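Hi,

Here is the structure I promised to pass on. Have a look at it first, and then read my notes below.

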Amino acid sequence: QVRLVESGGGSVQAGGSLRLSCAASGNIFSIDRLGWYRQAPGKQRELVARIVNVGSTYYADSVKGRFTISRDKAKNTVYLQMISLKPEDTAVYYCYINVLLYGSSRPADYWGQGTQVTVSS
C-alpha cells in the first residue's frame, strides 16, 4: 500500500504565498504522475497541476504563472509552490500519485487526505 502525507496548507492574505508538500511512502516501484487537485465548497474537484515522470508539467489556466509544481524523486515528494494567492484559490488541496507497486502489473492512483488553503481578501 501507499501512504501520502500532505502538509503546508494554511491561511494567508491575498497576494501571499504557500508551499504544499506531499510525501509518498510504501511499496513503491515507480511513480508515473504526481499532481494536485483542489475542491472549493460547492464545486467539483479540479486539476490544478500535474507533473509526469519525464518532467513535463500541466497547469490549469487559473493558476498559470502563479503556481509551480515540482518533485523530489529521491524523497517521493511532490510540491506545489503557490504565489500571488487569490481568494478564489481557497479550497481543500489534494495530492495524488499514479504509482506502480512492487509485485504489481498495473499502476494505480492514490490520494492524500487533503489540506485546507484559505486566502482572505
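A quick definition to start: I say a charge sits over a ring if NZ of Lys or CZ of Arg is within 6 Å of the ring centre and within 35 degrees of the ring normal. R45 does this with W111, at 4.9 Å from the ring centre, and R45 also lies over the face of Y94, at 3.8 Å.

Before going on, note that this is a predicted model, where local features need pLDDT of at least 70 and side-chain atom pairs pLDDT 80 or more, while totals for chains, interfaces and linings use all residues. Residues are numbered from 1 along each chain as its sequence is written, and side-chain values use heavy atoms, with hydrogens and water left out.

W111 turns up again in a cluster with Y37 and Y96, linked by ring pairs (Phe, Tyr or Trp rings, the six-membered one for Trp, with centres within 6.5 Å). The whole structure has 4 aromatic pairs.

As for the fold, there are 11 strands and 0 helices (DSSP runs, E of at least two residues for strands, H or I of at least four for helices, numbered from the N terminus). Four of the strands form an open antiparallel sheet in the order β1-β3-β8-β7; strands pair if DSSP finds at least two bridges between them. β1 (2-7) and β7 (67-72) are at the edges with a single partner strand each, so one side of each has no neighbour in the sheet. β1 pairs with β3 (residues 18-26) over 6 bridges, and S7 is opposite S21 in β3.

Finally, the C-alpha trace spans about 50 × 25 × 25 Å along its principal axes.

Cheers

Key. Phe/Tyr/Trp six-rings, centres within 6.5 Å; stacked < 30°, edge-to-face > 60°.
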